[in-house]
Amino acid sequence: MSSNLLKLIDDTEPVTNADEEIFLIYTALNQKPLDLTGPDGFRGLGHVDSRKDTLSIRFELAAPSKPTSSSGAAESKLASRSRKGKSVRKARGEESPHVIEIELAQDKTALRSRKGDTGSVLWRASIAFAQVILQQHHFPPKNPLIDKDMLRESHILELGAGTGLLSIALSACAKSYTATDIAPLLPLIRKNVALNFSGWTQNTKPPEGSPGSNIFVEELDWETLLSLPSTGRSRYYPKPPELNAKWDLVLIVDCIYHPSLLPALVETIETVSTAGKTWALVVVELRQEDVVREFLEIWMNKGTWRLFRVDGFLDLPYVVWACQKYA
């Protein structure tokens, strides 16, 4: 795949200083009034609703509304009165909304009993990210972040996939989608994929070409990778299903929360990526300032990445960085 998979605005400036970047984004955060109440009555750390065993997620995607001229308004009015019953939407030539519904199981017990387990429940950042990616994919804006045609031929690797929502929502957009996490979370991811794609079970997949058949669920423990000698790491992490292919896009969505995991996370991103080819999209919910700063410092000290903040893609309290490995 081409390195032009992600399309940044021409005047996008690279992030070159972690302290400056932290100052800018947290200043913007502190100046913006936020709705701190979630669907369950409180926002907490950002999960959707940890009290429920299952969640129903609905993505409503619609073409941007077009300005209506006086003649257009008259045309719409006439269309609404037509004996054929044509809708105003059809009269304007607008596309019908597209709805994607996903059923998702959570493991409330693991959240409370398994130390350090945050992936067994759904977090809002994943929904916000999926909504925008799907919206741009089905109704491409003038300047989409991701090239739709290139994405169709791309291999995606997700780190810290948690419940597996993004694999279910985005797999149809890509050539392959590999969801990874620690071993105890893999049964939950497979369960959720099976809830949404016929033919999927814990041990089987649907025939090639069927919906969901391009999803792969694999173990990738960042701390295990970090503990291995550099020469042995390539044998540990999963590879794209296509022979000799490399990862085109690595997704890291709401994985920056515990400082002890940051060195392992950065080393994993570094190891699975290929210079001149792989893009990484990092989505962060702005919580602890020091943790986000430390993540940026560790990653930028690698000296092998160009980092760009993608303004306007998601609203605060989320920040998105698009990053390409160059060495």
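The legends below describe close-up views of a predicted model.

Residue numbers start from 1 along each chain as its sequence is written. In this predicted model, local features need pLDDT of at least 70, side-chain atom pairs count only at pLDDT 80 or more, totals for chains, interfaces and linings use all residues, and side-chain values use heavy atoms, with hydrogens and water left out.

**Figure 1. Overview of the chain, with eleven helices and nine strands.** Helices (H or I, at least four residues) and strands (E, at least two) are DSSP runs, numbered from the N terminus. The chain has 327 residues, of which 49% are buried. Buried means under 20% relative accessible area, exposed means over 50%, and partly exposed lies in between (1.4 Å probe, protein chains only). Among contacts with a separation of 6 or more, 73% are between residues 24 or more positions apart. A contact here means heavy atoms within 4.5 Å.

**Figure 2. The largest cavity, with a volume of about 50 Å³.** Cavities and pockets are found on a 1 Å grid over the protein atoms alone: a cavity is a set of points where a 1.4 Å probe fits but cannot get out, while a pocket is an open set with protein on both sides within 12 Å along at least five of seven lines. Lining residues have an atom within 4 Å of a point. Grid points are joined across faces, edges and corners, and a volume is the space filled by probe spheres set on the points. The structure holds two cavities of 30 Å³ or more. The lining of the largest cavity consists of Phe129, Ile133, Ile146, Leu151, Ile156, Leu170, Cys173, Leu249, Leu251 and Leu281. At least two of the lining residues come from helix H5 (124–138), and at least two from strand S6 (249–253). By class, this lining has ten nonpolar residues, no polar and no charged ones. Ala, Val, Leu, Ile, Met, Phe, Trp, Tyr, Cys and Pro count as nonpolar, Asp, Glu, Lys and Arg as charged, and the others, Gly among them, as polar.

**Figure 3. The second largest cavity and Gln288 in its lining.** This cavity has a volume of about 30 Å³. Ile256, Tyr257, Glu285, Arg287, Gln288, Val291 and Val292 line the second largest cavity, and by class they comprise four nonpolar, one polar and two charged residues. Gln288 sits in the loop between strand S7 (279–285) and helix H11 (289–300). Neighbours within four places in sequence aside, Gln288 is in contact with Tyr26 and Tyr257. The C-alpha atoms of Gln288 and Pro259 are 9.9 Å apart, with a sequence separation of 29 residues.

**Figure 4. The second largest pocket, with a volume of about 360 Å³.** The pocket is lined by 17 residues, and those closest to its centre are Lys175, Gly209, Ser210, Ser213 and Asn214. Its lining divides by class into nine nonpolar, six polar and two charged residues.

**Figure 5. Backbone geometry at Pro317, Asn244 and Asp254.** Most residues other than glycine have a negative phi, and most peptide bonds are trans. The Leu316 to Pro317 peptide bond is cis, with omega near 20 degrees; Pro317 is in the loop between S8 and strand S9 (318–325). Asn244 has a positive phi, near 65 degrees, and lies in the loop between helix H9 (222–227) and S6. At Asp254 phi is also positive, about 55 degrees, and the residue lies in the loop between S6 and helix H10 (262–272). Asn244 is exposed at 69% relative accessibility, whereas Asp254 is buried at 11%.

**Figure 6. Cysteines Cys255 and Cys323.** Both are buried, Cys255 with a relative accessible area of 5% and Cys323 with 0%. The structure has zero disulfides, a disulfide being a pair of cysteine sulfur atoms within 2.5 Å.
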